[in-house]
Amino acid sequence: MALDRIKARMEQIRIQADESSAKVDELTAKVKLLEQANLAKEQEITSLTHKNSTHEADVEKLEATNKDLKEQLDHIRMSSNQSEALQRRLQILEEEAEEADKNIRETNDKLRQTDVKAGHYERKVQALESARDQWEEKYEEMSKKYAQAKKELEDIQTEIGNM
């Protein structure tokens, strides 16, 4: 009767140990997937940060070009002895200034969008890191439970061996 109970208990502990081992394997796989996703998001953030700095450099160039073009336009307007060729040049410069303004607006819009995306991905990375930390805590708890169950099984086997 007692031997049957011990055998049943050992079988129960064996089943729990197998379940714990499977859960540890599953959690380890999930941690790896989360780490890979985290790395991909970090790379994407790095890429977006690089794009952001490139866009900022483009904005600065376009603003400098715009400023130069406007100065040229002002200088042309101050001249009173301009010919038709200069009037055509003035028209070209105005179109270039408008194009530069358009490019600046587009670049600024892209810059804002990139900033929003970077913020979004930073929040995602933080959430993934938090989830990873939770999975690691669960893994550690399961490892402790597994070790405790294993010790109990060894204790029972020792008691059976001493009988």
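**Charged side chains in a predicted model**

Asp109 is partly exposed, with a relative accessible area of 38%, where partly exposed lies between buried, under 20%, and exposed, over 50% (1.4 Å probe, protein chains only). This is a predicted model, in which local features need pLDDT of at least 70 and side-chain atom pairs count only at pLDDT 80 or more, while totals for chains, interfaces and linings use all residues. Residues are numbered from 1 along each chain as its sequence is written, and side-chain values use heavy atoms, leaving out hydrogens and water.

**Salt bridges**

- The structure holds 7 salt bridges, each being a side-chain nitrogen of Lys or Arg within 4 Å of a carboxyl oxygen of Asp or Glu.
- Asp109 pairs with Arg112 in one of these, with the closest N and O atoms 2.5 Å apart, and the two residues are 3 apart in helix α2, about one helical turn.
- In helix α1 (residues 2-78), where helices are DSSP runs of H or I with at least four residues, Glu11 and Arg14 also lie 3 residues apart, and their side chains meet in a salt bridge of 3.2 Å, N to O.
- Asp133 forms a salt bridge with Arg132 at 3.2 Å between the closest N and O atoms, and salt bridges that share partners join Arg132, Asp133 and Glu136 into one network.

**Negative surface patch**

- Glu95, Glu96, Glu98, Glu99 and Glu106 gather in a patch of negative charge on the surface, a patch being made of residues with over 30% relative accessible area and no salt bridge, with like charges joined within 9 Å.
- Within this group, Glu96 is found in helix α2 (residues 84-162) and counts as partly exposed at 34% relative accessibility.

Key: Patch = residues over 30% accessible without salt bridge, like charges linked within 9 Å, V, L, I, M, F, W, Y side chains within 5 Å. Areas by Shrake-Rupley, 256 points an atom, 1.4 Å probe, with all protein chains shown as cover. Lys, Arg positive; Asp, Glu negative; His and termini not counted. Charge placed at Lys NZ, Arg CZ, Asp CG, Glu CD.
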